[in-house]
Amino acid sequence: TLGSGALTNSGTIVLDSLSGQANLIISGGSLTNTGSGFIESVNYGGGGSSRLIDGNLTSSGTIDAQYDLTIKIDDATPEVLDIVGGTVLVGTGQTITVDAGALGTTRVGTGTNIQGPGSVSLIGHTGHALDVASDFTLTSDALGFGSNSSFVTVSGAGIFYIGAGGHLFVDGNDTFNSDLWIQDGGSLTAE
């Protein structure tokens with residue numbers, strides 16, 4: 001558990017376990033994963049239980065989930081997952097679940113790269129705020145907008161592009177308050 005201090009990672013943080021959960025709790029502080037930093041969720045130890053990051057996280061580096069990972073940004077004060085300029089990689093059959101609870105926000109923008117073959121699922125008890133801080137291009141089908149019981153509200157100064165190879169599924173609960181452009185080779189499914 002990290003208290004009110006700040007943790008800066010320019011190396012590698014590995015979430016793994018031999019027999020139980022692997023949790024990184026950021027209580028009142030913040031974690032910055034710099035451009036050269038890696039955060040890896042793995043199951044080398046065979047522990048098979050959950051991997052969790054709970055709190056404010058800014059990453060211009062790489063988050064690599066080769067094992068399911070939950071990122072909670074739902075504390076009593078608004079918490080943020082800021083991945084502007086960062087890379088998110090999700091392995092086959094794996095999911096990064098970003099749980100915004102009632103107050104959290106995920107921020108994307110120029111340089112954000114989200115790639116599968118696994119998926120990133122944005123959920124929240126009262127919805128999930130997605131802030132497009134600067135122009136963002138989705139070039140994979142790895143980003144998911146929760147489920148019928150959750151919704152995503154997209155806002156911000158940037159344009160959300162669905163680029164070549166990109167696909168986004170939305171339902172009637174999701175709202176775009178920022179511009180959405182579907183480029184040649186991109187696709188949107190609305191249900």
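**Figure 1. Surroundings of S178 in the predicted model.** Apart from neighbours within four places in sequence, S178 is in contact (heavy atoms within 4.5 Å) with V132, V154, S155, G156 and G158. The residue is found in the loop between β20 (175-176) and β21 (180-182); strands here are DSSP runs of E with at least two residues, helices are runs of H or I with at least four residues, and both are numbered from the N terminus. S178 counts as buried because its relative accessibility is 8%, where buried means under 20% relative accessible area, exposed over 50% and partly exposed in between (1.4 Å probe, protein chains only). This is a predicted model, in which local features need pLDDT of at least 70 and side-chain atom pairs count only at pLDDT 80 or more, whereas totals for chains, interfaces and linings use all residues. Residues are numbered from 1 along each chain as its sequence is written, and side-chain values use heavy atoms, with hydrogens and water left out.

**Figure 2. The whole chain, for orientation.** The protein has 22 strands and zero helices. Its C-alpha trace spans about 45 × 35 × 35 Å along the principal axes. The radius of gyration, taken over C-alpha atoms, is 16 Å, which agrees with the value near 16 Å of a compact globule with 191 residues; the globule rule is 2.2 Å times the number of residues to the power 0.38. Of the 191 residues, 46% count as buried. Among contacts with a separation of 6 or more, 67% are between residues 24 or more positions apart.

**Figure 3. The five-stranded parallel sheet.** An open sheet is formed by five strands in the order β2-β4-β6-β9-β12, with parallel pairing; two strands pair if DSSP finds at least two bridges between them. At the edges are β2 (12-15) and β12 (113-115), each of which pairs on one side only. From one strand to the next the twist averages 10°, given axes that are lines fitted to C-alpha atoms (for helices over the stretch in contact) and angles that run from 0 to 180 degrees between N-to-C directions. Strands of a sheet pair through backbone hydrogen bonds, either parallel or antiparallel.

**Figure 4. Strand β6 and the pairings around it.** Strand β6 (residues 62-65) is covered on both faces: T62 and D64 on one side, and I63 and A65 on the other, are all buried. Four bridges join β6 to β4, and the two run parallel; in this pairing F38 stands opposite T62. Another four bridges join β6 to strand β9 (residues 87-90), again in parallel, with I63 opposite V88. Further along the sheet, β2 and strand β4 (residues 38-41) pair in the parallel sense over four bridges, and I13 stands opposite I39 in β4.

**Figure 5. The largest nonpolar core and F145.** A nonpolar core is a set of buried Ala, Val, Leu, Ile, Met, Phe, Trp, Tyr and Cys residues joined through side-chain atoms within 4.5 Å. The largest one has 39 residues, and those with the most contacts inside it are I53, I96, V120, F145 and F160. Strand β3 (residues 22-33) supplies the largest share of this core, four residues. Not counting residues up to four places away in sequence, F145 touches L122, L130, V152, V154, L168, F169, V170, D174 and F176.

**Figure 6. The salt bridge between R51 and D16.** A salt bridge is a side-chain nitrogen of Lys or Arg within 4 Å of a carboxyl oxygen of Asp or Glu, and by this rule the count comes to three. One of them joins the side chains of R51 and D16, at 3.7 Å from N to O. R51 lies in strand β5 (residues 51-59) and D16 in the loop between β2 and β3, so the pair ties together parts that are 35 residues apart in sequence. R51 counts as buried at 1% relative accessibility, whereas D16, at 27%, counts as partly exposed.

Figure 7. R107 forms a salt bridge with D82, in which the closest N and O atoms are 3.3 Å apart. Because R107 lies in strand β11 (residues 105-108) and D82 in strand β8 (residues 80-82), this pair ties together parts that are 25 residues apart in sequence. The side chains of D131 and R107 also meet in a salt bridge, at 2.8 Å from N to O. That pair links distant parts of the chain, with D131 in strand β14 (residues 128-132) and R107 in strand β11, 24 residues apart. R107 counts as partly exposed at 24% relative accessibility, while D82 counts as buried at 14% and D131 counts as buried at 18%.
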